[in-house]
Amino acid sequence: MNTKSASDMDEPLEIPYTDWKPEYLYSLGEVSRFFREIVDNKRLLGSKCPGCSKVWMPPRGYCPDCHGTTEWVPLSGEGTVMACTYCYFLGMASDLIRFIDLPYVYALVKLDGADTYMAHGVRPKGQSMGEIKTGTRVKAVFREERKGTIADFYFEAVPDQQRAKAGK
Amino acid sequence: MRKVAIVGIGTMPWRSRYADKSFRALSLEASKKALQHAGVSHKDIDNVVYSIYCETMLRQQIPTPLLQDYLGVQGTSSLRVAAGAAGSGYALQAAYAEIASGLSDLTLYVAVQKGQDFFAFDTRSRGDGILRGFSISMDTTWLQPVSPGVPPYLTVFCLAPHIDRYGGPTPQQLAKVSVKNYNNALLNPEAQIRRKITVDDVLNSRIIAWPTTAMMCCLYGDQACAMVLASEDKAKEITDKPVWISGIATSTYATQRADENVVGRMLGTHLAAKKAYKMAGIKKPIDELDLVQVHDLITGVEIMAYEELGLCELGEGGRLVDEGVVERNGKLPVNVDGGRIACGHVGGVSGAYAVCEIVRQLREEVGGERQVRIKSGRGLMQCIDGNASNNCVAVFQR
């Protein structure tokens, strides 16, 4: 016999739905070479428009200004922090939580040889709070396990900042 | 182009979650309010424009036929516009165009989103589920795998370079905007958070992405808003207090393609504002508007919005805060509803809520302390998405 009152029966009923977990086997298409270079050779490439000479980073198969097909150019992996913020909060279910420590220094990095900035993490390696900032010279460091995503590498401040800024 | 007026509005109280209402019921309740406010029946409606940001968050792809059925407007033309958290503005532009072009005389505009049905079972957290659930709203190839979310994105692409370039806004100014908006929310019975706070409370709250702290960040929730839009002839039949959409523009400018000209700016807001002002005939907005609503996804982008909207010079936004210009009793009140940080926010609906607030204010139906003094009869809505890449600016005229 139903002993619940009418109002109990109208209480919001919350049920789980976990059947649909989108899974993909996706293709990197025209930027496949960029990711293969990371996985196989631990090297970063930029994409250069032969028409206007602009080097796009992150790379792209076509120049948005003239629609020309771009060419791959090797980059040294060194660059400069153009802006950064120290992040102290991540959702615990975030992919990032698996491989970073807080604070996460989220920065805009202008790679040497590229004309546009890319957003990425700079991992402190002995630097004190605030030492990584606008103007800091950084270098790409590649992870042991590389899968073909932008998270296969991160940046670290170059040890000798004075030397690096003097361009030596 | 024909003139277009808003002749009815309907909003719901902001709540972090409406467990007792599906997105269908939320849409109907907001629509009923708007139709009643306009004094028209849903059977009179020519077409419906929906603002719905995220299908996966609703747990429903292609939701509009379900809503057409549920709202009792089967068979009318409908279209759905999505542009992240700026979608409400983009959808308003589409609704405007439907009437301005003559395709429709009476349009129902419905914005709805459930923000809180996601749940992360691995960490047993709704918040984690939501952050994960909308993480693919960022560029999944180049940003999402290394980006912690909206407040850090806006901080590093917009706020931090702005601070480098202009020396501000300072943490104090960022916190003052939080206090302003929380104070405004105290007077808004629909606001999600109604609490008195101080600058120290804001500065001492959890750091999310320096200098942005938790109390400088927007909320998230469930919400629906509706409006009835009409052509000039129809508006005159319906009401003696139409609020005209005198200017509206969008500008989609991806901040992620960053170089020195893009960082530290919200160029889309600047470009959309130029177009909207031209359409509305506004030359000096600080003098010609009675109130402004902007998207304070973080208080830093509220201050940057003052600049991009031309309320002051670039770099001067903090001064408007210090001088009290943007306070409720200041020269040009901003976010009298409490803003996204205290009143409430969910993608695809907040801009519509802001427009409803402007309509209420211009029609002087708010009353009490929250009523803004109406001099020019003009208000402005700006909304952006979480990457400040989708931008809409609209001007309203009584």
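A salt bridge is a side-chain nitrogen of Lys or Arg within 4 Å of a carboxyl oxygen of Asp or Glu. Keep that rule in mind for this tour of a predicted model, in which local features need pLDDT of at least 70, side-chain atom pairs count only at pLDDT 80 or more, and totals for chains, interfaces and linings use all residues. Residues are numbered from 1 along each chain as its sequence is written, chains are lettered from A and ligands numbered from 1 in the order in which they are written, and side-chain values use heavy atoms, with hydrogens and water left out.

**Stop 1: a pair in one helix**

Select Arg33(A) and Glu37(A). They form a salt bridge, with the closest N and O atoms 3.7 Å apart. Both sit in helix 2 (residues 32–41) of chain A, 4 residues apart, about one turn of the helix. Helices (H or I, at least four residues) and strands (E, at least two) are DSSP runs, numbered from the N terminus. Arg33(A) is partly exposed at 43% relative accessible area, while Glu37(A) is buried at 7%. Buried means under 20% relative accessible area, exposed over 50%, partly exposed in between (1.4 Å probe, protein chains only). Side chains of opposite charge can pair when their charged atoms come close. Over all chains, a search finds 30 salt bridges.

**Stop 2: where the chains meet**

Show both chains. Here 41 residues of chain B are in contact with 43 residues of chain A; contact means heavy atoms within 4.5 Å. The area buried between them is about 3,300 Å², and carbon and sulfur atoms give 67% of it. Buried area is the accessible area (1.4 Å probe) that two parts lose on being put together, summed over both.

Now select Arg17(B). Which residue of chain A does Arg17(B) form a salt bridge with? The partner is Glu14(A), with the closest N and O atoms 2.7 Å apart.

**Stop 3**

Is Arg17(B) buried or exposed? Arg17(B) is buried, at 18% relative accessible area. Asp117(B) is partly exposed, at 35%.

**Stop 3: helix to strand**

Go to Glu55(B) and Arg80(B). Another salt bridge joins their side chains (2.8 Å, N to O). Glu55(B) lies in helix 2 (residues 55–58) of chain B and Arg80(B) in strand 3 (residues 77–81), 25 residues apart. Glu55(B) is partly exposed at 22%, and Arg80(B) is partly exposed at 28%.

**Stop 4: two buried residues**

Select Asn47(B), in strand 2 (residues 47–51) of chain B. Asn47(B) is buried, at 2% relative accessibility. Leaving aside neighbours within four places in sequence, its contacts include Thr76(B), Ser77(B) and Leu106(B).

Move on to Leu71(B), in helix 3 (residues 64–71) of chain B. Leu71(B) is buried at 6%. Not counting residues up to four places away in sequence, Leu71(B) touches residues including Leu28(B), Tyr50(B) and Val110(B).

For Cys158(B), the nearest cysteine sulfur is that of Cys217(B), 14 Å away. Cys158(B) is buried, at 0%.

Terms used:
A disulfide is a pair of cysteine sulfur atoms within 2.5 Å.
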